[in-house]
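Opened the notebook for a new chain today.

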Amino acid sequence: MKITVIGGGPGGLYFSILLKKAMPHCDINIYERNRADDSFGFGVVFSDETLSEFLTRDPQSYELIRSRFAYWNELDVARDGEKVRITGNGFCGCSRKTLLQLLQERCREEGVHLHFEANVDDLSRYQDSDIIVAADGINSAIREKYAARFGTETELKTNRFVWLGSTKPLDAFTYFFRNTPYGVIVAHTYQYEQGMSTWIFETTDETWQRAGFSVTDEESTIAILSELFREELDGHGLISNRSHWRQFPVITNKKWSHNNIVLLGDAKATAHYSIGSGTKLAMECAIALADSVIKYKDDTQAVFGHYEKLRRNRVEMIQHAANVSLQWFEDMDRHIKHPFMQFAFSVMTRAKKVTFENLALRDTSFTQKVLAEFNSSIADSTPATPAAFTLFSLRGMVLDNRIVMSPMEQYSAKEGVVTDWHLTHYGSRATGGVGLIITEATAISPTGRITLGCPGIWSKEQVVSWRRVTDFIHENSHTKIAVQIGHSGRKGAVKLPWEGSNEPLDNAWGLLSASPIAFNDKMAVPHEMTTEDMDIITHEFENAARNADEAGFDMIELQAHHGFLLASFLSPLTNMRTDEYGGSIDNRLKFPLRVFKTIRAIFPPEKPMSVRISAHDWAEGGITEEDVIAIAEAFKKAGADIINVSTGLTVGYQKPAIGRMWQTPFSDMVRNTVNVPTITAGYIQDIDQINTILLNGRADLVALGKTLLLDPSFVRNAQAYELYKVQDLNSVGIPKQYMSAASHLYPYVNGQRKVMEGMKKALKPLTHKK
C-alpha cells in the first residue's frame, strides 16, 4: 500500500509509526511544510490514561516521551494571590518540539519517509496513493478545498488567547487568574521540561481591547502581561514564538473522508486547549486510523467507515466537554465574583465531566474546604452538610433541602379538579422528602388549559380539591408546595399526549397568543390578543392568585416559559406585534410584567413568587442572552424572589442541544449576572450532580422531573447515600410510619456507594511518574 500523509504533526507521525510497525511493506511518506526542527508553541499535555495507551501501542515511543517529560500530580487554582492545590491529577508536559523530534526519530527507525519544507497545495501528484491522510492542522488547505464534501463547519469563538513560554519553574499545572484594571485575564500554565513552562494567556475580547493589545505586536504583549502578572512570574520573563493573539476556531466535519482522503488531528476536529486535548485527540485518532488500515488494508471505504465508528462518538464527546469548558472561560468575568473556594471548585467542574465526588476521590481535603465555605453562611449547617440538604429561604418560606419536584403534567384532572391521583402523586413525593414541590401547569380558566386533563384554579371546587393536597403535605412532611399558574395560549386545546402529540381537540376552543402564529401546521392560528383580552386575562390571573392562597399554597410560580401565553410575548419568534407590546424587549415585557405585578400585589407578602422563563429558544432568530438578562432583571425588580430557568419548546421546529445537566449554564447566566436566586433543571439524575451544581454556584435549587416520576423516594435514598443526619433521623422528616425502615436503608445504600467508589479507584489509570 502507498500512504501519503500531509502534515508532520504528532498525529500524522504517530499514525505512520504504528502502521509501518504493523505493515512493514507499506510505503509511507510524510510531507511537512516546515523544517524538521521548527515548532510553534511550547509544551503539550498528556494524561495518565493517554500515556497508558501509548505504552501498549508503541513502547519505544512511550519510553522516549517519558524520558523527556515533566510529570505532575497536582493542580493549583490561584486568584489574585490566593491559591489552593488539588491533588490526584496525573498529567505530564512535554516540549512540542521535543515530541516532534522523538516521533520523527521513531519514524526513521521504522522506515517512514520524511520530507520537510515540502508544502503541498496540489494533491494530483499523489493520486496514486491508496490513502491520503490530511493531517495539515487547524488551517488545513486540503480540508478547505473539499469543505463542501466534508461538511466543514467553523465557529470562531470570542475570547482572545496567546501562547507564550517562560523560564518560571512550576511544580503543578496552575491556573493564574488576575483581576486587572482592564478585566479578568487567566494564564493556563505548566512546566514541560527543566527550566521551561507554557503560559497561555486568555481573556475576553472586551478586556483585550481595553488593555490595548495588538494581534501581532509580541513585544507589547509581553510588556503588558509581564507587568500584570509580575507576582506570578516572580522575576522570570516571558518568551515568544510567533506568539500572536488568536481566537479559537471550533471545527467540525460531518464526514471525515472524501474519495481516498481522510482527515486527522485538528484538520478533522478541534478541542479547546483548556482540557488539554488537541495533541491527545490527534494521537488517539491516529491509533484508530492505523487500526482500521491494519484491519481492512486497501478497502479504503471500509477503513474510513471503521475509523469513524471507532472515534466519532468519542471525538464528539471530547469536543462537547471542550466547548463547555471554553464557554466557562468566555464567561469567567461572571464566575470570578464567587468566594474563592467556590470559584476554584467551579474551575475544576467547569466541563461537567468532573463532579464533587470525582474530586473527593482525588483530594478529600479540597472538597472539604469547598463544602465548609459553602456551609459557613447557612443556618443550622455543619461544615460537612451536603449542599443539597442545606436550608434555603425565600421570604417567609424555609425549605428543608434544595431538591425541587419540577412541574410535570399528569393529565388526570376532571373538569379542572384534581383527584386522588394528584393527592397520591404529590403526597408520595412530599413524604419522600422533596424540599419543594411545584405543581403541574394549573390553568387560570377553562380555555387556559393545555388539555382537558389539566387542572385549574379558577373555581371554588378546585380550591377545595387543591386544599386537600396541600393540607396532606403540610401535615405529613416538611415539604413546601408551590402552584404554577398559567395560560396555555397558542399551545392549548390539544388531546392527551397518549392520544396524539400536539393533536388539536375535535371541538377545540379559540386560542390566544401575542401574535397570530400557529404552533404547528395541525393546530389552529391563535387570535392576536387585544387590550381588552389582556384586561380579562390579567383579572383571571388575579383570581387564580387569590385562590392559590386560599388553597394553602406556599408559593406561586408564574408560567412564562415554553411558548405558553405569557412566554409568547417574550420571544421574538412568537411576538410580531407592531404596537406597544411588540418590538423591543421592554415592550415585549409589558404584559407579562403587568400580570406579575398584579399577582404580587394581592399575594401575601410573606409568601414568595417564582417566574419560570425560557432562556433559549433553540431556533434561529430566537430570544437573545441580552433579552433573557433584561427579562430576569425586570421580574426581579418587580418582586420575583427566584427565577426558574428553563429553555426551549417555544416553537415546534426547535433543535435543542440536550445532554447531562444541559440547562445549568442558562441558570448560571441568570443567577450570576442578575444576582437573583435560580432553579435549574434538565437531565439531572443523581445526588452528586445536584451537589456539584449547587457548590459551583450554577443554581440555588435543583429541580428533578422524570427522575422523580418512578422514584418518589429519590431524596430518602440520597439522604441514606450521604448518611445525612444518621445520628438524628428524627429531624430529617421521615414519616413516623416509615421510620423503622431507615435502619435498613441507610447502611444498604451507603454500602452500595462504597462499592462503587472502590470500583472507581480501581479503574483509575496507573501513574506514569518517573
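**Overall fold**

I started with burial: 60% of the 770 residues of the protein chain count as buried. I'm keeping in mind that this is a predicted model.

Next I looked up the surface. The protein chain has an accessible surface of about 30,500 Å², and carbon and sulfur atoms make up 51% of that.

Then I checked the dimensions. Along the principal axes, the C-alpha atoms of the protein chain fill a box of roughly 85 × 60 × 55 Å. Does the radius of gyration agree or disagree with a compact globule? It agrees, because a compact globule with 770 residues would be near 27 Å and the protein chain has 29 Å.

**Helices, strands and domains**

I noted 26 helices and 27 strands in the protein chain. The domain assignment gives domain 1 as 2-333, domain 2 as 338-379 and domain 3 as 395-654. I looked up the spacing too: the centres of domain 1 and domain 3 are 48 Å apart, taken over C-alpha atoms.

**A nonpolar patch**

Which residues make the nonpolar surface patch of about 290 Å²? I wrote down V755, M756 and M759. Is V755 buried or exposed? V755 has a relative accessible area of 53%, and exposed means over 50%, so V755 counts as exposed.

Notes:
Residues numbered from 1 in each chain as written. Predicted model: local features only at pLDDT ≥ 70, side-chain atom pairs only at ≥ 80, totals over all residues. Heavy atoms only, no water. Domains from an automatic or database assignment. Patch = residues over 30% accessible without salt bridge, like charges linked within 9 Å, V, L, I, M, F, W, Y side chains within 5 Å. Areas by Shrake-Rupley, 256 points an atom, 1.4 Å probe, with all protein chains shown as cover. Salt bridge = Lys/Arg side-chain N within 4 Å of Asp/Glu carboxyl O. Buried < 20%, exposed > 50% of the residue type's maximum accessible area, 1.4 Å probe, protein only. Helix = DSSP H or I, 4+ residues; strand = E, 2+ residues; numbered from the N terminus. Rg over C-alpha atoms; globule rule 2.2 N^0.38 Å.
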